[in-house]
Amino acid sequence: MKRAASLPARVLWNAFFWTYERATWQYDVMVIAILAFVWLTPPSWLGDPMASGSGPIGWLLEQAGR
Amino acid sequence: MTFTGLVGRICMLPLQLIIRACVALRIHPNVLTFVGVLINVLAAWALGLGQFLTAGVIMIVANIFDFIDGKVAHELNAVSPFGGFWDSVIDRFSDISLFIGLIYLYSSLDRTDYVMITALAMMFAIMTSYTRARAESLIQKCKVGFMERPERIVLFMIGAFTNRMAAVLWVILVLSIFTVADRIIYTYRELRSTREAIA
């Protein structure tokens, strides 16, 4: 997995089989990725029973559809 | 300085004041731990009623107690094996109570899909702690995997304050599964290398 794998595969491997400490740049990247998923994913895509509004991506899609 | 490191340092400033106040009042750390879980039960109640903003505020208060108990124990020279055990056990109660609050909410909304997602997230959150505790009875350290308790708590708060709990539950579920798998694989490898070194 270490040498032969392509860069995206290695990134995914390191993201899911996590060995980094907190407050490292890798941790920052992971946090940003999680926040992006939580805040940008339209709640309707996940069938969120409580969320209101369509979120930034949903809003952009709505604007594009007009 | 990383972004998360900076956030951590900023959050530590008010916490230092609270720690100093608790040390000055000589509040026993085990009491702080217990008060933390009681407040977390209130947060779970608010989650169960769908009052996410209230739950978020209560979670902040509860987790201040959760966070400072260990530091106060150090300052008061009251660190003890029982204190560590008590803290770990009470933390599980806090974790589970938040999930139960959400299970109650989603079941009252007739959303069996999210009842299942929350229940699975709860199961893997508990297994995250259990795999580490069990692994560390066999090997020296098993601190691998991203989704540990502080990450889970911060995610719960983000979900509550921004009303994006469903997305948060998906993140907790998926990353907890990987954390558990990570810990099992890591422990297997460590034990195998020890066995090979002896042979």
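Predicted model: local features only at pLDDT ≥ 70, side-chain atom pairs only at ≥ 80, totals over all residues.
I started with W18(A), which turns out to be buried at a relative accessible area of 4%.

Next I looked at the ring beside it. W18(A) and Y20(A) have ring centres 5.1 Å apart and planes at 75°, so I logged the pair as edge-to-face. Y20(A) is partly exposed, with 28% relative accessible area.

Then I checked Y106(B) and Y114(B). Their pair is tilted, at 5.4 Å centre to centre and 45° between the planes. Y106(B) is buried at 0%, and Y114(B) is buried at 1%. I also found a cluster in which ring pairs link W13(A), F16(A) and F17(A) with F178(B). My count of aromatic pairs over all chains came to 12.

On to the nonpolar cores. The largest has 49 residues, and M59(B), L102(B), F146(B) and M165(B) have the most contacts inside it. Chain A brings α2 (25-40) to this core, while chain B brings several helices, including α3 (52-75) and α4 (81-108). α7(B) gives the most, with 10 residues. There is a second, separate core of 8 residues, and I jotted down L15(B), V23(B), I68(B) and V72(B) among them.

I went back to M59(B) for its contacts beyond four places in sequence. They include N40(B), L47(B), L98(B) and F156(B).

Last, cysteines. I searched the whole structure and got 0 disulfides. What keeps C11(B) from a bond? Its sulfur is 17 Å from the closest cysteine sulfur, in C22(B), so that is too far. C11(B) is partly exposed at 41% relative accessibility, whereas C142(B) is buried at 0% relative accessible area.

How values were computed. Residues numbered from 1 in each chain as written. Chains lettered and ligands numbered in written order. Heavy atoms only, no water. Core = buried A, V, L, I, M, F, W, Y, C linked by side-chain atoms within 4.5 Å. Buried < 20%, exposed > 50% of the residue type's maximum accessible area, 1.4 Å probe, protein only. Helix = DSSP H or I, 4+ residues; strand = E, 2+ residues; numbered from the N terminus. Contact = heavy atoms within 4.5 Å. Disulfide = S-S within 2.5 Å. Phe/Tyr/Trp six-rings, centres within 6.5 Å; stacked < 30°, edge-to-face > 60°.
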